Structures are given as C-alpha cells and as structure tokens.
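Try each one yourself before reading the solution.

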Amino acid sequence: MVDRRWMYLDNRTCEEYLSGVKSFIAATEADKLNRHLCAICCPCIDCENMTKFSSSMHVHAHLIVRGFMDDYLFGNEHGEEGVNDRGLQDGHMGEGISVS
Ligand SMILES: [Zn+2]
C-alpha cells in the first residue's frame, strides 16, 4: 500500500512533501534505468504526464513549484500484486465439495 497523501499537501516546501518527491524521483529514475528509457514523464499539474524530460531534475523542480496533477496514481503500472492469492483458496474449497 502506497500512501499518496503527501502528493496533495498544500505546503509543498514542508519536509513530508520534499522527502516524498525525493523518493518518487528515485523510483522514477530506477524505473527509467530498468526499462532503458531515455526520458521520464512529468506528472506535474501542467505537464500531466504528457511532457518528457531527460533529466529528473526538471521533474523534481516542476513537482515542487507546481505540484502533482489531480488524479495521478503512484506506480499504477505494476502495483497490483498479491490480489490473486485469496481467490485461488476459495476455488479449491469449492471443488472438494462438488465431487460426489
Ligand atoms: Zn512538469
């Protein structure tokens, strides 16, 4: 579970927001390297994830000056793991009953 409340703090110079942006940039940089991308999308309120920058410094500055776009979801591409386990267990119990 990722806590995204810091993204929408009114005070974007407070410690909570700055450290949040810092870890966001670090995660974005790691993702950029993993996927061999040459640029990263800026999720700020003006760029709306449509504008790409080769340097995370630009994105970092935008997020502090402008803030995150309204409905930005952190890590929505690969953050849905661990949902399948419970469903499999329920299915297994149902099969045992229906044999006879
Ligand atoms: Zn931007």
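**Exercise 1.** How are the donor residues of the zinc ion spaced in sequence?

Keep in mind that this is a predicted model. Start with the ligands: the zinc ion is coordinated by Cys42 (SG), Cys44 (SG), Cys47 (SG) and His62 (ND1). Reading these donor residues along the chain gives the pattern C-x1-C-x2-C-x14-H.

**Exercise 2.** Work out the geometry of the zinc site.

Distances come next: the four donor atoms sit at 2.0 to 2.3 Å from the zinc ion. Now the angles, which run from 101 to 118° among the 4 donor atoms. Four donors count as tetrahedral if all angles lie between 85 and 135 degrees, so the site of the zinc ion is tetrahedral.

**Exercise 3.** Are Cys42 and Cys47 buried or exposed?

The cut-off for buried is under 20% relative accessible area. Cys42 comes out at 0%, so Cys42 is buried. Cys47 has 7% relative accessibility and counts as buried too.

**Exercise 4.** Find the salt bridges and say which parts the Arg66 pair ties together.

A search of the whole structure turns up 2 salt bridges.

- Asp31 pairs with Arg35, with the closest N and O atoms 2.6 Å apart. Asp31 is buried at 17%, while Arg35 is partly exposed at 46%.
- Arg66 pairs with Asp46, with the closest N and O atoms 3.4 Å apart. Arg66 lies in the loop between helix H2 (56-65) and helix H3 (84-98), and Asp46 in the loop between strand E1 (40-41) and strand E2 (52-53), so the pair ties together parts 20 residues apart in sequence. Arg66 is partly exposed at 31%, and Asp46 is exposed at 53%.

Conventions
Residues are numbered from 1 along each chain as its sequence is written. This is a predicted model: local features need pLDDT of at least 70, side-chain atom pairs count only at pLDDT 80 or more; totals for chains, interfaces and linings use all residues. Side-chain values use heavy atoms; hydrogens and water are left out. Donors are N, O and S atoms within 2.8 Å of the metal (3.2 Å for Na, K and Ca); water is not among the atoms, so sites may look incomplete. Four donors count as tetrahedral if all angles lie between 85 and 135 degrees; four count as square planar and six as octahedral if opposite donors are over 155 degrees apart and all others between 65 and 115; anything else is irregular. Buried means under 20% relative accessible area, exposed over 50%, partly exposed in between (1.4 Å probe, protein chains only). A salt bridge is a side-chain nitrogen of Lys or Arg within 4 Å of a carboxyl oxygen of Asp or Glu. Helices (H or I, at least four residues) and strands (E, at least two) are DSSP runs, numbered from the N terminus.
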